[in-house]
Each structure stands twice: as C-alpha cells, then as structure tokens.
Amino acid sequence: MMTRAIHMKKYVTNPSIFNSIIPIARQFSSTSSAVSALESETGPVHKRFGSFIGVIQDKDLLKKAPNGELLVLYLIDNGAMDPDATLYNQLLKKCTEWKRLKEGKVVHEHFLRSRFRHYIVPNNTLINMYAKCESMDDARMVFDEMPERDMVSWTALITGYSQNEGAEEALVLFCEMLRFRFMPNQFTFGSVLKASGALDSGGTGRQLHGSCVKFGYEENVYVGSALVDMYARCGLMDEAKIVFDKLSCKNEVSWNALIAGHARKSEGEIAVKLFSEMNRGGFQPTHFTFSSVYAACASIGALEPGKWVHVHMIKSGLELIAFIGNTLLDMYAKSGSIDDARKVFDRLVQKDVVSWNSMLTAYAQHGLGKETVECFEEMRRIGPEPNEVTFLCALTACSHAGLLDKGMHYFELMKKFKIEPNISHYVTIVDLLGRSGHLDRAEKFINEMPIQPNAAVWKALLGACRMHKNLELGVYAAERVFELDPYDSGPHILLSNIYASAGRRSDAAKVRKMMNEGGVKKEPACSWVEIENAVHMFVANDDAHPQREEIRNMWEKITDKIKEIGYVPDTSHVLWFTDQQEREERLQYHSERLALAFALLNSPPGSPIRIKKNIRVCGDCHTAFKFASKVVNREIILRDTNRFHHFHNGSCSCGDYW
C-alpha cells in the first residue's frame with residue numbers, strides 16, 4: 001500500500017494550527033511512536049516544534065480535516081506540509097478511483113494556484129479524472145488550457161470521449177492528433193476503434209484498420225481485439241473473423257468480441273460453437289462471454305444449448321451477478337421454460353430493476369397475468385422503484401390476460417411515480433381496451449391522447465377490430481395505418497381478413513391488389529423446432545424436408561384423431577376463392593403443424609415440444625394445437641411474435657384470450 005510522508009515545517013508559531021495537527025497526526029501516523037516523537041520534540045503545544053515526518057496511507061488521501069476541507073490541502077494551506085506535483089497527482093488518482101468529482105474539482109482549483117499547474121503529468125491525470133467522472137466539458141477545458149501536451153494527453157481525451165458517448169468527437173480529435181504528428185499507441189487505437197464501432201461506421205473503421213497496419217499494431221492483441229469488436233459492431237462479421245484468425249495471440253477479450261458480434265446478429269448456433277472452441281483453446285469465459293451466449297440462445301429460443309452453457313458457468317464457479325443473471329433469465333423465458341426463468345430470478349445474488357423487469361417481461365410473454373401482477377406488487381414491496389419499463393411489462397400482461405381494471409389502475413399509478421407515459425404505454429392501453437371489447441372507449445382514448453398517435457396505436461385498434469369483427473372501425477383504423485406506415489403488410493392482411501370474415505370477398509381482393517400494386521410484401525410464414533441441438537425449419541406446404549412423407553402422414557393421423565374429439569377446421573383463416581375442401585386442405589399444412597408432426601416423430605415420448613413461429617399463429621392452428629396436446633398427451637409450447645402459448649391436455653395458457 002502506498003504511503004505518503006507529511007513534512008511538517010519547523011517553527012510553526014500558530015498554536016491553533018498545531019492543536020489541530022496533533023489529533024490528525026494521531027489518526028494517520030503509522031505508529032503511535034510517531035505522535036510521541038512529535039509531542040516530545042515540540043514540547044508544550046504553545047511552543048515551537050521541530051521537523052516531523054508523519055505517514056498518510058493511500059486510502060486516507062481524501063480524508064477530511066476538522067473544518068471539512070481535504071486534510072492534505074488543509075495542511076498545505078496552513079503551512080504544515082510541503083506540496084509537490086506528485087502529491088497532486090496522487091490526490092487526483094484517488095478521486096478518479098472513487099469517482100469523487102466534487103473533491104476532484106477542489107484539488108483541481110488548489111492545483112491551479114500552485115507552481116506545478118503547467119506540469120504535464122498531473123494535467124493528464126486531471127483529464128482522465130474528469131473523463132472517468134463523465135464530465136467531458138471539464139476534461140476538454142483542461143486539455144485546451146495545457147501549454148504543452150504529450151501522447152498521453154491526446155489519448156486520455158480521446159478515450160474519454162469514446163467511453164462517454166462522444167464517438168464523433170473522439171474521431172475528430174484523433175485526426176487532429178495525427179496532424180500534430182503525434183504517433184498513436186495501442187490505447188489510442190483501442191479507443192478510436194471503439195468510437196468507430198459505436199457509430200456503426202464500417203468505412204471509417206476500415207480506414208482506421210489501415211492506420212493500425214501502417215503503425216505496426218495490427219497483430220497487437222489489444223488493438224486486434226478492438227478491431228474484431230469494431231467490425232462486429234458494424235455487422236461486418238466476415239471482416240471480424242479475418243482479423244480474429246490473423247491474431248497470433250488471442251485472449252478472452254478477442255473471443256468475447258467475436259461471440260458478442262454473432263449474438264447481436266441473433267446467430268445463436270455460431271455463438272455457441274465459438275464458445276465451445278474458446279473452451280477447448282483453454283481460455284476462461286468471463287461474465288461477458290456467458291451473457292453474450294445466453295443472449296444469442298434467447299434470440300433463437302435455443303433451450304438445450306443454453307442449458308449446456310449454463311452448466312459450464314456453474315462449473316466455472318462464476319457468481320450469478322445481476323447482469324448475467326438477467327440474460328440467463330431472459331434466455332430461459334424466451335426458450336419457453338418459465339419455471340427455469342423463475343429459479344434463476346430467485347437465485348440472483350442481488351436483484352436490480354432490470355432483474356425485476358426481466359421477470360415481469362417473462363411472465364407477460366407467457367400470458368401469465370396473475371403471476372405478473374403478483375411479481376409487480378412484490379417489487380413494489382421489497383424491490384427497487386419501478387420505472388417506465390416495469391409499468392410497460394405490467395400493462396402488457398394485463399392486456400394479454402384481459403385484466404382491464406388492473407391495467408387501467410396501473411396506468412393511473414404511473415402518475416404517482418412521476419413517470420410520463422410514452423407511446424408504448426399508450427399502445428398497450430389501446431390494446432387492453434380493444435381486446436376487452438371496449439372499442440369505442442379505445443377510439444376515444446386515442447383521440448384524447450396528449451401525444452400524436454403513431455401507426456402502432458392504430459394497429460392495436462385494428463387488431464382488436466379483427467378480433468371482435470368490427471368492420472366499420474377496422475376500416476377507419478386501417479386507413480390511419482396506411483397513411484403512417486404504408487409498407488407494413490400486417491395491417492393490409494388484417495383488413496383483408498376483416499372483409500373476408502364479413503363476407504365481403506371482393507373488398508378483401510381489393511386490399512390484396514393494393515398490396516401488389518404498392519409493392520407491399522407479406523412476410524413468408526415459417527416455423528422451426530430444435531431437436532438434438534439441430535434446428536429444423538418449415539414453411540407452409542413444405543415439401544423440401546427429407547422426412548416430408550412421414551411428416552404429412554403423422555399430421556394426417558393427428559388430424560383424424562382430433563376431429564374425433566371435436567376439432568372442426570375454421571376455413572375463414574384461408575382467404576382463397578376455392579371450394580371448402582381445398583381451403584380445408586390448405587389449413588392442414590401450415591408451418592407450425594408440420595413442425596409439430598416432425599417433433600412427434602423425432603423427440604422422446606412425453607417430452608415437451610417447443611416450436612417457434614415468425615408471425616402470429618392463426619386461430620385454426622391454435623384450436624388444432626389444443627386438441628393435439630390432448631390426443632398426443634404432450635405439452636406443446638408455441639412462441640409466436642406476440643407471446644407464448646402453452647398447450648396442455650386440451651387447453652392453452654392464454655385462455656383463448658389472445
């Protein structure tokens with residue numbers, strides 16, 4: 001531990017100063033004999049005392065004197081201690097370490113009155129201190145007022161901007177530095193590459209890459225890792241991999257950068273594969289590694305790989321801290337295992353507001369309104385104060401579960417917490433009112449909104465009109481959507497469905513024609529299911545899968561069985577001008593049905609089946625899956641773009657309210 005000698009000057013004649021120094025010396029001297037030496041050497045306190053060296057430890061540098069000032073500055077001001085540049089530097093470093101901006105400014109003011117104010121080293125430390133305390137205006141002021149700068153000065157300010165959302169300023173400053181003929185080092189490159197990645201600027205990044213090569217830093221592991229991260233953040237994964245492969249010496253940071261890049265692109269399989277290679281290479285995964293892999297698995301709902309990575313984390317002995325626990329919780333929730341998500345939540349060492357919001361989101365996504373409300377109330381009792389995301393989760397759950405009164409209560413409760421609703425909250429309330437059948441009330445709510453309704457607000461009303469077959473209001477809502485978001489296929493499909501359900505097939509055809517003429521493309525429906533760590537994808541009427549005959553035969557058998565216990569195809573979900581038999585046949589080979597048949601053929605009997613779909617599940621498939629869960633005696637978990645449906649023994653967790 002660093003110690004600091006206090007040199008007390010001879011012949012201090014002010015007894016009051018000395019009286020205050022004695023107890024201070026008692027606190028900070030390394031041995032009691034030091035104080036005794038002071039007292040014995042000086043004699044009575046009202047007399048002069050001789051030279052003394054007391055000791056201040058590093059941890060006590062920011063201790064306060066009796067009058068509230070910093071002790072060290074107090075001693076200097078009262079003539080009991082000789083200042084020097086190193087002392088100021090140590091004080092500023094301590095302010096940086098403890099993020100004590102207020103004390104740092106006091107030291108800065110004192111430093112400016114000293115004869116060392118033009119010294120480069122403490123000025124560089126000042127720049128770093130202000131940057132670490134997120135006060136970039138002060139950091140820039142120090143930099144601009146320095147009569148002389150070195151490479152550290154430029155790098156400290158560039159790094160400060162890069163770490164404080166000042167990416168453009170960092171890049172401009174880097175160019176200025178080069179014009180002044182300062183040669184960048186590995187830390188300079190690390191910071192400007194981070195800035196380039198933050199701006200998602202691949203072109204700038206490539207130019208910086210050229211500079212790295214020019215100055216001989218391309219194979220430096222620190223700069224190389226920053227290059228990998230920069231390309232990955234710009235979505236240029238091929239370039240990131242090329243740089244990564246060229247690194248003669250890799251470390252955990254370079255591996256993490258590559259894995260995180262694939263995670264951001266929802267490339268879960270690649271992220272898990274890289275994680276496995278990282279382990280085989282003898283590199284120790286960090287919290288950031290695990291967090292990235294969990295996020296990648298969550299994006300594709302890959303439960304088994306996620307569980308495998310979780311086992312690795314347990315074996316590594318890493319603590320389940322909040323930020324990694326939150327991504328692990330999210331992975332289990334998005335993979336359909338809400339029970340495992342709750343177990344993770346309960347085991348978190350410390351729950352922050354993101355932890356609570358993650359759990360609330362999980363419950364809401366799974367349509368568990370009662371559990372969401374209970375969790376929200378528990379958070380209000382024992383957790384951190386809810387924020388706007390918390391309320392959005394609660395409102396979404398109320399909307400999915402039909403809890404109208406509770407949802408409206410929570411919307412009003414936001415005022416108590418001084419949270420101003422944003423457009424997402426208003427969308428959810430429109431959805432809540434619309435789903436509950438209060439269409440006129442939902443329209444009135446939109447008209448009285450204090451902010452301009454966007455396309456999402458009208459889409460929520462349009463969806464409710466489709467649900468409750470309100471043609472007139474549905475057409476009005478659709479027209480508003482077309483004005484605000486003309487290229488979204490979803491509202492066109494909804495309006496077409498409303499017309500078709502009302503028997504107005506010519507109007508439905510007009511909507512389809514309008515889509516074709518306007519270049520509006522309907523997203524192809526597809527479903528996928530994970531079997532033995534392999535993902536199998538299906539589209540409607542899929543005839544490309546190697547097991548296509550077995551899959552169709554399996555679904556035909558299931559169809560016969562579910563018809564025996566009451567399933568009747570709802571052909572209103574097929575909007576084709578064909579006869580009843582052909583429309584019924586088109587229903588039977590929707591992508592999620594093929595995925596279910598495949599899973600039944602290839603998964604262990606009795607095990608849960610987890611299926612993902614890229615669009616909202618249709619009403620007939622929802623009905624078919626309820627019956628299927630009963631005849632095959634399996635739990636079927638279907639995740640679409642809106643929520644999870646847990647089918648079991650002939651019923652769905654959504655209570656048919658979706």
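A cavity is a set of points, on a 1 Å grid over the protein atoms alone, where a 1.4 Å probe fits but cannot get out; lining residues have an atom within 4 Å of a point. The model is predicted: local features need pLDDT of at least 70, side-chain atom pairs count only at pLDDT 80 or more, and totals for chains, interfaces and linings use all residues. Residues are numbered from 1 along each chain as its sequence is written, and side-chain values use heavy atoms, with hydrogens and water left out.

**View 1. The second largest cavity and its lining.** The lining consists of Asn128, Ala131, Lys132, Ala156, Thr159, Gly160 and Gln163. Helices here are DSSP runs (H or I, at least four residues), numbered from the N terminus. The volume is about 40 Å³, taken as the space filled by probe spheres set on grid points joined across faces, edges and corners. A search of the whole structure finds 3 cavities of 30 Å³ or more.

**View 2. The second largest pocket.** A pocket is an open set of points with protein on both sides within 12 Å along at least five of seven lines. This one holds about 640 Å³ of space. Of its 24 lining residues, Lys194, Ala226, Asp229, Arg233 and Val253 lie nearest the centre. Two or more residues come from each of α8 (151-163), α10 (186-198), α12 (221-233), α14 (252-264) and α16 (287-300). The largest share, 6 residues, belongs to α12.

View 3. Helix α11 (residues 202-214) has 13 residues and reaches 18 Å from its first C-alpha to its last, close to the expected 18 Å; the expected span is 1.5 Å times one less than the number of residues. Gly202, Gly205, Leu208, His209, Ser211 and Cys212 are buried (under 20% relative accessible area; exposed is over 50%, partly exposed in between; 1.4 Å probe, protein chains only). Seen down the axis of α11, the buried residues fall within an arc of 165 degrees, so they line one face of the helix. That arc is taken over the directions from the helix axis to the C-beta atoms. Gln207 and Lys214, on the other side of α11, are exposed.

**View 4. Asp238 in helix α13.** Asp238 is found in α13 (residues 237-246) and is exposed, with a relative accessible area of 61%. Asp238 and Val228 are 10 residues apart in sequence and 10.0 Å apart in space, C-alpha to C-alpha.
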